[in-house]
Amino acid sequence: MKKVFICLLAICIGYIANAQIQTKFWGLELSKRYTSLTAAKSIISDRCAYSRIDGNNIEASDGTLGGYDWGTVVFNFSQDNTLYSAGFASEHDYLYEAKNKCQQLLNSLTAKYGEPTFDRTDVTEGYVEYKTWLDESGKYYCILAIPNPTIEDTTWYVTLIYTDLELFSQLREQQEDEL
């Protein structure tokens with residue numbers, strides 16, 4: 001009986017620990033509204049080498065997250081300055097380098113969030129690797145991917161994207177309604 005209780009407790013703790021997708025990055029938080037993009041930019045300024053505002057996005061370069069270096073970071077905001085997505089990317093000259101980093105990240109993310117909710121590891125739809133974790137509420141998700149390079153750019157990227165799915169869906173519907 002004691003062993004059964006310990007196993008159930010371990011499963012519950014593991015489920016709780018892995019159920020919540022991270023929502024805070026460099027001092028910014030998904031789903032949070034900021035007074036201005038300039039205010040949001042000042043929050044991240046000490047976490048990266050360079051940052052700039054481009055439309056409804058803040059683009060940054062050369063920062064770290066989770067002990068990994070990221071060459072490019074993009075924070076996406078809605079029209080009312082609510083952060084709905086944070087994307088991190090690293091560049092690699094060779095596919096094997098990108099796959100090695102992707103595997104390291106996969107190990108870290110699986111330890112944190114459990115097995116991916118969606119796992120695609122074939123070379124279809126423009127990706128070499130594509131894994132998604134969805135939190136228990138269905139509000140937030142995390143994507144780890146290696147997109148295929150374009151013909152013009154043979155660089156391999158490893159991307160890690162965190163998104164407020166509800167807000168992203170609302171923004172997409174608004175854009176479609178404009179057509």
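Reader: Is Phe 75 buried or exposed?
Author: This is a predicted model, in which local features need pLDDT of at least 70, side-chain atom pairs count only at pLDDT 80 or more, and totals for chains, interfaces and linings use all residues. Residues are numbered from 1 along each chain as its sequence is written, and side-chain values use heavy atoms, with hydrogens and water left out. Buried means under 20% relative accessible area, exposed over 50%, and partly exposed in between (1.4 Å probe, protein chains only). At 0% relative accessibility, Phe 75 counts as buried.

Reader: How many aromatic pairs does the structure hold?
Author: Rings of Phe, Tyr and Trp (its six-membered ring) pair if their centres lie within 6.5 Å; planes under 30 degrees apart count as stacked, over 60 as edge-to-face and the rest as tilted. The number of aromatic pairs in the structure is 11.

Reader: Why is the pair of Trp 26 and Phe 88 classed as it is?
Author: The ring centres of Trp 26 and Phe 88 are 5.9 Å apart. Their planes stand at 75°, so the class is edge-to-face.

Reader: What is the relative accessibility of Phe 88?
Author: Trp 26 counts as buried, because its relative accessibility is 3%. Phe 88 also counts as buried, because its value is 1%.
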